[in-house]
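Me: I have a model open and want to go through its architecture. Can you take my questions one at a time?

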Amino acid sequence: MNPSRRRACLQLAASGAALGSSFSGWSAASAASPTLPVFDAHVHYSHDAVALVPPAQAVEILRAAGLKGVLVSSSDDDGTQKLLAAAPDLIVPELRPYRTRADTSGWTRDEGIVPYLEARLAKYRYVGIGEFHLYGADADLPIPRRMVALARERQYVLHAHSDIEAVNRLFAQWPEARVLWAHSGFESPDRIRELLRRHPRLWCDLAYRSEHAQGPRVDPAWRALFDEFADRFMVGTDTFTPERWHYIGPHARSAREWIATLPPPLAEKLAWRNAEALLRAQAPR
Ligand SMILES: [Zn+2]
């Protein structure tokens with residue numbers, strides 16, 4: 001990459017601007033030298049991302065961000081398999097019930113989802129099923145129930161982008177489930193605390209949220225939550241559009257900035273230990 005191009009990329013990444021399809025030439029150079037390892041527990045590599053950022057370049061971005069592990073799910077699953085083949089030491093695969101991005105809204109009533117899941121589960125190994133979008137009483141529809149049963153047969157984690165009601169319904173179906181609550185449900189610290197107290201096998205990712213920290217300053221209400229549930233939080237970028245692959249490096253840097261202000265044992269848990277403990281135990285060998 002020539003110097004002016006590199007500078008432009010750095011400026012755009014830093015400013016948070018969307019870059020459209022201008023990924024060519026973007027590389028490891030835009031990541032700061034990492035220190036604290038980070039496990040990114042919320043990455044998607046869907047069909048449009050594969051087209052925009054080829055697997056070798058995607059792995060370069062992940063490694064340049066100083067990531068220790070990456071929980072990846074994709075619509076369709078081929079993207080996850082491509083990344084896993086390119087970096088088996090780094091990628092931790094989960095299976096989402098989506099063949100394309102369009103399944104995000106209609107999957108709970110789509111008869112084609114279960115055969116898709118069954119075919120992938122027969123062919124590949126994962127640590128979880130998700131991230132899926134599931135709200136309220138829809139959690140008890142036949143197709144989500146079948147998905148939960150498939151996860152249960154394999155003791156896979158459920159990665160749920162859900163409201164509180166759906167989380168409660170998932171645990172009602174499978175009390176011993178391990179549920180990773182995507183975005184901590186976009187809920188307030190008080191309501192997250194309530195749910196974490198109710199469900200000892202609930203974990204939370206902080207993907208695509210910013211209230212918990214501004215720069216290095218950790219919000220006091222969130223700090224109290226992290227202290228009470230030190231073993232149950234993890235960080236993630238959420239690359240829900242291909243352009244968000246640009247934020248993987250900046251996200252890891254900003255996570256390190258606030259996490260580094262915490263006592264080292266807590267910092268390590270939030271940065272990577274909790275994700276490793278939840279997600280690596282069943283990772284494919
Ligand atoms: Zn997501």
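**Helix packing, sheet and a lysine**

Reply: Start with a helix pair. This is a predicted model. In it, helix α9 (residues 189-198) and helix α10 (residues 220-228) pack at an angle of about 15°, and their axes lie 10 Å apart.

Me: Are α9 and α10 roughly parallel or roughly antiparallel to each other?

Reply: The angle between α9 and α10 is about 15°. Angles under 35 degrees count as roughly parallel. So α9 and α10 are roughly parallel.

Me: Which residues of α10 do P189, I192 and R193 in α9 meet?

Reply: The crossing of α9 and α10 is left-handed. On the α9 side, the contacts come from P189, I192 and R193. Their partners in α10 are A221, W222, L225 and E228.

Me: In β2, what is the bridge partner of V43?

Reply: β1 pairs in the parallel sense with strand β2 (residues 67-73). Five bridges link β1 and β2. Across from V43, the β2 partner is V72.

Me: Is strand β4 mostly covered or mostly open, and how many of its residues are buried?

Reply: Strand β4 covers residues 128-134. It sits between β3 and β5 in the sheet order. β4 is mostly covered, and its buried residues number six of seven.

Me: What is the handedness of the crossover from β4 to β5?

Reply: The chain leaves β4 and passes through helix α7 (residues 142-154). From α7 the chain goes on to β5, a β-α-β crossover. Its handedness is right-handed.

Me: Last one. Is K269 buried or exposed?

Reply: K269 is found in helix α12 (residues 264-280). It touches A230, D231 and N274, leaving aside residues up to four places away in sequence. Within 10 Å of K269 there are 23 other C-beta atoms, and the cut-off for buried is 20 or more. Therefore K269 is buried.

Methods:
Residues are numbered from 1 along each chain as its sequence is written. This is a predicted model: local features need pLDDT of at least 70, side-chain atom pairs count only at pLDDT 80 or more; totals for chains, interfaces and linings use all residues. A residue is buried if 20 or more other C-beta atoms lie within 10 Å of its own, exposed if 12 or fewer, and partly exposed in between; C-beta atoms are placed from the backbone. Helices (H or I, at least four residues) and strands (E, at least two) are DSSP runs, numbered from the N terminus. A crossover is right-handed if, with the strands pointing away from the viewer, the path from the first strand over the helix to the second runs clockwise. Two residues are in contact if their C-beta atoms, placed from the backbone, lie within 7 Å. Axes are lines fitted to C-alpha atoms, for helices over the stretch in contact, and angles run from 0 to 180 degrees between N-to-C directions. Angles under 35 degrees count as roughly parallel, over 145 as roughly antiparallel, 65 to 115 as roughly perpendicular and the rest as oblique. A crossing is left-handed if the near helix is turned anticlockwise from the far one by less than a right angle, and right-handed if clockwise. Two strands pair if DSSP finds at least two bridges between them.
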